[in-house]
Structure formats: C-alpha cells, structure tokens
Amino acid sequence: MPAQKIVSPERIFFEAPREKKFLIGNEAVGEAIKRANVDVVVVYPVTPQSEAAHVLGDLYAQGYIKDYYRGEDEFNVMSAVAGAAMGGVRVFTATCGPGTLRAFEMFPCWAGERLPIVCAFMTRGVNAPLTIQPDNIEIGWLADTGMLIFHAEDPQEFFDMILKAFIVAEQPDVHLPVGVCVDGFFVTHTREIVELPPEDEALPPYDPSVSPVVTMDMETVPVRHMKDPFVMKSNYISYNAHASWQQEVRAAAERSRKYIAKYMGNSVEVVHPEAEVLFMTSGTAAAQARVAMERLREEGIDIGLAKIKVIRPFPDQEVMEAAARARTIIVPEHNITGWLAREIKSRVSDNAKIFGGPRVFGGMTMPPEVIVTETKKLLAERGGHLGLRRPLVAARG
Amino acid sequence: MKLDVRMSGLGGQGMVTAANLLGMAAVNDGNYGIVIPFFGAEKRLAPTESYVRISSQKVYEKGEVGHPNAIMVFHPEVITKGKCYTMPFYEGLRPNGLLIINSAQPLLSPEDARTMAKLNVTVLYVPASEIALEVADTELATNMVLLGGLVGATDVVTLAGLEKAIAQRFGGAKFIASGTTAALDDVLKRKYSKLQELLGKNMTAISKAYDLVKAMVSEGAPIAGRREVTCTTQRA
Amino acid sequence: MSTLLGYKHDYKVRPGPETYLSPSAAAMGIVLPDEKQGLIEGSIVPEEVAWEEIAKKLLAAKNPTLFPGPLVLWAWSESAVAKATALLELVAEVPGMKIIPMPDYRPKYPMINPAVEINPNHPNLTIWHNEIDVCAFAGVHCHFANLALKIIRAGTDCYTIALCGQRGHEDAMITLRDVHAAEVRELTETIRKIKKG
Amino acid sequence: MEALRVSPGYEKILPQEYQDLVADGPFGRDLSVKDLGTFKELIEEHPLCAGCGLGLSIRLVVASLPNPENTVIVGTTGCNSILMPQLAMHNVHALFGNQNAVASGLRRALRLRYPEKNKDVVVVAGDGGVADIGLSPTLHSWFRQEKFTTIMLDNEGYSNTGGQESGMTRQGMVVNMAPLGKKFAKMPFHEVAKVANCAYVATVTPARARRLGQMVRRAVLVAREIGPTYVQIFCPCNTNYKFAPDETLEKSKDTEVTEYMTPEAQALIESIEKKPKAEKVQS
C-alpha cells in the first residue's frame, strides 16, 4: 500500500482531484474502505456481497485495514464489530438479505449502544423459496432499528456514501450506526464509471474521546461502568429511563440531519421539480425511473423524479415539499412490501395521489419499459379528473 | 450513439470478460459503458449471459438487456439445444439489429431465420472457436474473436480502446472476478509465459475477426440489413 | 417519539413537570447551536447572550447546584483537571451554590442517597430531595446528560443548564457548546460582572 | 491509575464508596483471594438471591484478576448480568449468547489501541450463555485462538428465566422444560474446550476459593500470551434446586476440580509463578 496522508473529510469529499475508474459496486466498497482509515473489519461472505468481503481481506493483507477476520455467522460478525467499536476503534462490515435477518438482533443494539458502525447492505431477497437475487425488502425492516439508513443508486454513490457515513456516524452528537444500502447485483455486480480521489489520502482516524458514551477500555472515565446498564428493575423509574434512552437514540438521528446536509447535500434529489407527475423512489429503481422519465417526457408527459437518498432520518420536509407540487406521485420499488410508498404516504397529507408501484422483486429487473407502460395506464385512468394541462398519451386501447 | 448488447453462451466461455472488455473499451474511448453480468449461482457450462450498454451519454439503466441491438451467441447449443437464459435466445432483439453466432455454418432453424428476416436483422456467422484455436492456440480466446466481430460490424468501440482494455484487464492490476473466472484467468496466464504474449494473442484474435467482418462489408455499404453472412477463415 | 400531541413548531424547552413522558427536544425540531452560539429554551443565541442568561439564572436561584460528571470528577487528562478547577471557581462565585456529583451512570442499587449524588437514570430523585431550582451539568457524557436533562424536564420544575464540552444539549433549557476551562472562566467573569451590576 | 484519580478539589464531594475505591481499591496492587477483607472490593452490593453461588463466584473471580485496572469483563444475559451493573470495572452486556464474539472484537480493538499495555478481556457468563445459545461464538473464538479467557458460571440451568433445563443440567433432573427429567447427559464442556484448542482448561468450585483464584489468574495470564483459556465454575442455584441458602457451598463441592494446560501454557505459568511477586509486570 502507498503511504497515506491524513487529510480532511472535506478534501476527500469535495476538493481532491478524481480519477475515472470502471468498477463494480463491490470494488467501490474496497476503494472507499481504502481511504476510510478503518481499524477492524469482521465479515461473513454472502452473495452478492462476497467480492466486497474478499476485497476487504486484500486490503487487510496490504495494510489498509489493521485487523480482519472471517466471522462465524452474521449475528456474531455484528457482535464482534460491536465489541471492537466499544473498544474505541473504527469498524466496517457488510451483509445482506439472509445475513441481515440472521444478524438482526444486533442492529437496534448498535443504535442503543450508540456505536458509530458503518455497515453496507447489498440487499437481496430472503427465503423461502431460496433466492440470491436483488430485492430490497430488508431496508424496510432496517428502517426502524434506530440506525441511519442511506440508499445508493450506483457504485459512485455507494463509494461516496460509505466514506461520508463514517464522518456523519462519528459526530459526537450523532454517534449512531449507519447502514449504507444498495440493491444487490444491480449495483454490486454492475460495472460503471466511478470517480475516485487519490488512494494515498485517507480520512482522519476515529477519535473515541468525543464519544457521547463510555469507551470500554478501562482508560475512559468512569471505570465503574456497564455497557449498557440494565434499566430493568420493575418500577416506573426504570421504564422511564429506558423510554428516555430510546428517545435519545432517535434524537441523535434527528441531529444527523445537519451533517447529512453538510456532507451529502439534499436528502432528496429532484429532477424537473415543476412537473405535475413525479416518480418518487430510491436506489436503482430511481435509475430505471430516470430512463422511464426521459421516454415519457419525449412523449409529452410532464413528469419528474425525486430520488430519496436518505431513508433514516427520513427527509420529511424535503419529501413534503417535493410532493406538494405534484398531482400524481408514482413510487416504483424493488420489493413486495412497498416500504417506501408507506413512508411517503405517511408524510403527505393529500396522499390519495400517491401510487405505490410498479414493484418488482425476487430478482426481477424493473425494465424502464414497464414503468413507462404502467405510468401511462395509471395516467390514462386518472386523466379525467386530474385536470391535466394537456391530454395524456394513453397506452390503453 | 447507443448500443445495447446481450452475450449468450455457456459458463466458462468468457461472456462476462468480453462484456467487461467492451465496457472498458467504451470508457477508454471517452464514452459511457455499463456492464452487467448474469446474476446466478450457475457454474461452468451452464447457460450464462452478460450485458453491456454503451452510449455517448451517461447510462443509468441497470439490469439485463431485454431489448438488445446486438446479440452475441458464444456457443451453437445456445440455439440448437436452447441452452439459453433468455428463451428464445433472440427474444427482444430490436429491428435492424445484429446477431453474431459462433459457428462456421448457418444453424438457425428456418422458422428462426424467417423471424430474423422479418426484423431485418443481420445474422453473422463467425467460426470464433476455430479462429481462436488457430491464432491464439486456445478456445479460451473465443470471446476475443467474437468481440472483434462485433466491433468490425458496428465500430461501437475503437480497436485502440479495446487494446487498452485488454491491458487493463490482464495487465496485473487488481480486477475483481468471480472464482471461476479467476481460475480461468490463471489457466490463460499459465499458457503464456509472458503477459505480453497473452495480450498480443488476444489482440491478434480480435483483429483477425475484425478484419474478416470488415472485409465482408462491401465498401461503404452498411452491414445492417444483410440477411445471413458467413465469415470463413482461409483454412475453413 | 413523543407523548405530546402538539405541533412541532413553537416548542419551547422550559421547566416542567412537562408530561408523562417528555419528548426529546430534537424530536420537537430543536436544533443544536453552531460554534460560538448557545441555545436558550430552544432558540439559538450568540454565546455571550447565553452566558449572561446562565449567570442571571444562577444568581437568582434559591438552590443552585452544579452536577459534575465523570469527565471532570476524575483527573484523566489535563483539560479535564483544568475544566474541573474552573468549575470550582464558578461555584465559589455563585452564592449558595452546591456541588452534587454524578460519579457514574449505573442505576443505583439498592437505593440512591439523593443527598450526595445524582444519577442519570433517576435524576429527579436528587432534584426533589435537595429542592434544586437551578442546576448546571458539566462533564457528563452527552448520551447520559441528555437522558438526565429530559427526565428532569419531564418530572420536575428545575431549570437546567448544560456546560457541554462537545456540541451542547437541546434538552437543557440553556446550553453552551465547546465549554472547556477558558469558557467556564468567561462564564464566571460574566457572573462577576452581573454581581457588580 | 489515571481514570481513578480525583480532580483536585473534588475529593470530599465524592460519595463515600468512591472515596473508598480510590483509597482502598485493588487497582494496581496485585491482590488475590487471600487479601479479601483488606481492600475495597470491585463488587459488593448485588441483587442476586441470598446464598447465590454465582454471586460468590463472581466476587472471587474479580478478586483474582491479575490486572483489574486493565481488564474489561464481557458478560451476557443471565443472573450474572443482574449483578454486573454494580461492578466497578468496565464491563459489557451486549446480547444473549454473543459474548465471545463481542470479546473477540473488543480484545482486538484494545490490542490495536494499547499495544504496550496488557489489556485483558475476560468473559464471565452462565452455562446457558456459553454452552447453549452461545455455543457457536464460544467454539469459534477458541478455534480462532482468540486471546481471552472464558469463565462459565455453571449453575446447571437457566436461573434468571425461572429454572429451565440447560445443556449443563444433569441427566434425570426434573426442572422446568424437562418435566420428565432431563433426557441427555450434562455437556462435557471442559472436554470440548480441550478439543477446541484451549491452552488452559480448569473446573473448580467457589468452595475451593483460593484454588479458584489461582486458576482464574493462570487462565488470564495464559490467555494474554498464548491463546484461549477456559474456567468452568460449578455454582448450583439454591433457588431453582431448592436448597437452603446456607447449603450452597456444601452443594457446590459436588464437582471435580481439574486443571489442564498445554506444555506451552505450563512453561509460562511456571516462569511467572517462580518469580517473586514484586517483579511482576504491572501496567
């Protein structure tokens, strides 16, 4: 490995010259970790994350990561990185689908323990029947763990979000785990142009001394400390302590908004904000919707796109603002539950105008043609009472 | 400029490598490329596909190419025995598109041939495995020959861009490949004592097919629209 | 997140008792101050304004109390000792100001002696027992300070002040951020000035 | 020990128990079980049942640590975890059964941050936590040769949840969830530890307090230098097995005291124990 110099996060994120590479998402993970000054990685292989797990091993062999091992399963991987984070070092891991579910007990535990762990989720479907294919149903489940959740559209965004996740996570007033999610295969195995800052520059190291909780090293005061103390005596005081603790975890997520805005810009990217029809979506569904949007606009349909990059903390204000202008909102998703449509509908008061779909899952691709067709069908049905400024091209004969 | 390519073959024939090289070549030319492998747990000799989208504009679309402009068939059994992920193998092929088949002689059924004719598709037979054996002394270069054929027919990337891509892919820089692909890489690298030799042989295979296909195109006449073209080597 | 059914805007961080389970101020839209700023009852002000308000509150209190936490009670670093020393000077400047420590964060078993210590899981017991009307937190790890400040707001009428070494506490009625020894001394100086009139 | 030095001017403000800890605590003093009663212990009050053998065992374990000022305890769900908040040391409760995975990460982190100090990590967990729900991380940490000690407090069942059968319950015992008597033998876990390449394995009881202390100390020192170590402490639960609190010590004698060590561990122990105490390295 080249000798790395420590530079400011701003330098890496915004200022350093970038070089074009042609990478798959799993390689982009390695490129991010190479520059992230990570101390400990523990990881377990699971398709489609495995290549990233290999790359992380290579980075350990090259000296970019100080300690690394293949854990015994995802629950214990998430436990091991928690232990390392409690010991005051920067950690990273990655999993997906069945691994996410196997590990699940640890995610609210990370948040409750205020551990700034960054975990990549290369989402995939869950059994049964067996699948290894893309499907982001797990993001909906992760959303209520107390973790911050980002959703990247492509390898470039995956790279940038992972690096930025460390800096957002480690703010003393935030200090929460961050899940950086992508749609498995569509990002992990897709090769695209990724622009990278120099590999001889790295983020400043994690500083455990500004942690809002006690680092478990017998150096941090107070030495009389259990992480985390039981507040489970059967009385009102204990219940209130636990309730307040949960609120504080959510409050920390609220505080992250300032840093997310600073480092990641808007949590919602809007294209054609004035449009009367809006795709509101996330991840690779946004990529597919971009293509569908262009085709529909070529046909004269006034349609735009709002891509939601941050799922937690959910960008309520930005979503409400984007939604306010549109008369019809369509939410394409890569899962059967429609967790994103649910999130959006719960924020927008006139939510009868929000349509969840099209949805594909189980590994199916979402061809832009399908989004185009479904959109036209919907608009044809709604056209009459939409008060559209001009007639729609209806697909239905 | 925009070209969507689907490559169909059997696991181990280098569809993913070819797709990567094509995408890398496009990027080397200053264009945009997006390469998608077939997502599966399938193994060697199992039906496999890979996909490339090339454009002068940024490409957003992910997932398999459902409506290709060009289909490359790496193994005759994709057609004759239906060993193909997409059924039939030409499903979604756009009108006026291109179909390149690794075969010395025509093997489309009369029915498929009629369908291709109706779509005004150019069907190009290239004896890629034979050429690979002849110029590179290994069938593992079949993918290179087919790439040469595609470029000869479409000029979607430059030969210089492709040559650079081959150096990037095999030139020792870290490249993340699946376990099986990595194993086949090792076979190739063992075959040639020097890396330069491997790069040279690959490029020769590409050029050979490129020249053959170019030669089939009469001066100034576009290849699209010709019905069935059989490229033959001198030996064949 | 909240047991309050009101709108987020216009939320003020004021002495309680507020409700059965108070919301966190962050959930009610209160944001932390930036550098050189403070927060008074949820509103951002220049830090000098916050110093002055803290000084007034402490001087007007019947029973002002400093709650020093582990980060200043224990001499684990030079800056910790410096802040601890500066805090003692501040306490000396406020007539009748007491010190009740928060030596650690574990729930006390079998019972706490609220006369001699405060605990983040049930800080209200110490507030009630000592009839504390204005308190200042310093040197408490931020997570535990927030727990305590919120529980105090929920169940007592105590006015809370946070002298935070990090980014501040929106759950306090007045918070400063980046408070180290020098900043404590600035505050002490403000107290002296106000005492002089 | 810097973390237990009082800031000037605050000495008298601290509650008495902290003043005692500062003045008479065991940190940096190389004390052992035989010194009990002469120093402020790291665990005193606790909410466990009267006569609890597990509470006594933890008291003895903590008093035997060679380096308490640099030791972090990792526990797990169970009766022991009800006691742990009272422990005057850094100790971790993450979840039920993941203690050896947490300890693996923690030990590696502390080694990275303090390469010059002997930061010891000691797992203290019940039989259900170690051998049932935590079996995989326990064994894998041993196979990986993680350098920390695992101490099982074997009370032969799940006491915290109300007295259910565990893998360590003896065959034939009628307890909750084994209404017809436990149908298979007590897991031979100390034998498992040897097969899984632990460098030091001991079984003991709080009835043999000084021997327990010696074994814990040896286990921690071997783990620091060589590899994983395991101590199994038999401390039956008087509440669930329904004997009187004052019978605990008598009942806990019902086990074999055994000690196993690899030749490498034996050499290390001999080299340490033949040195006079004053020469021992303290950090």
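Trainee: Which residues of H8(D) and H10(D) meet, and what makes that a contact?
Mentor: Arg218(D), Leu221(D), Val222(D) and Glu225(D) in H8(D) meet Ala265(D), Leu268(D), Ile269(D) and Ile272(D) in H10(D). The test is C-beta atoms, placed from the backbone, within 7 Å, so these residues count as touching. Bear in mind that the model is predicted.

Trainee: What classes of residue make up the contact of H8(D) with H10(D)?
Mentor: Six are nonpolar, none is polar and two are charged. Arg and Glu count as charged, while Ala, Val, Leu and Ile count as nonpolar, so Arg218(D) and Glu225(D) are charged residues of this contact.

Trainee: And how do the axes of H8(D) and H10(D) cross?
Mentor: Helix H8 (residues 209-225) of chain D and helix H10 (residues 263-273) of chain D have axes that come within 10 Å, crossing at roughly 115 degrees. The crossing is right-handed.

Trainee: Over to chain C. How many strands form the open sheet, and in what order?
Mentor: Seven, in the order S2-S1-S7-S6-S5-S3-S4 (chain C), with mixed pairing.

Trainee: Why do strand S2 and strand S4 of chain C stand at the edges?
Mentor: Strand S2 (43-46) and strand S4 (98-99) of chain C each have a single partner strand, so one side of each has no neighbour in the sheet.

Trainee: How do you know that strand S5 and strand S6 of chain C pair?
Mentor: Strand S5 (residues 134-138) of chain C is joined to strand S6 (residues 159-163) of chain C by five bridges, and the two run parallel. Pairing takes at least two bridges, so five bridges qualify them. Ala136(C), for one, has Ile161(C) as its bridge partner in S6(C).

Trainee: Which strands does helix H3 of chain C touch?
Mentor: Helix H3 (residues 78-93) of chain C packs on the sheet against strand S3 (64-68), S4 and S5 of chain C, its direction making about 170 degrees with that of S3(C). Helix H5 (residues 142-155) of chain C lies across S5 and S6 of chain C, at about 165 degrees to S6(C).

Trainee: How many residues do chain A and chain D bring to their contact?
Mentor: Chain A gives 37 residues and chain D gives 35. H4(A) supplies the largest share of the side of chain A that touches chain D, nine residues. By class, that side of chain A has 19 nonpolar, seven polar and 11 charged residues.

Trainee: What makes S11(A) and strand S2 of chain D a pair?
Mentor: S11(A) and strand S2 (residues 90-93) of chain D share three bridges in the parallel sense. At least two are needed, so they pair. Lys227(A) stands opposite Val92(D) in S2(D).

Methods. Residues are numbered from 1 along each chain as its sequence is written. Chains are lettered from A and ligands numbered from 1 in the order in which they are written. This is a predicted model: local features need pLDDT of at least 70, side-chain atom pairs count only at pLDDT 80 or more; totals for chains, interfaces and linings use all residues. Helices (H or I, at least four residues) and strands (E, at least two) are DSSP runs, numbered from the N terminus. Two residues are in contact if their C-beta atoms, placed from the backbone, lie within 7 Å. Axes are lines fitted to C-alpha atoms, for helices over the stretch in contact, and angles run from 0 to 180 degrees between N-to-C directions. A crossing is left-handed if the near helix is turned anticlockwise from the far one by less than a right angle, and right-handed if clockwise.
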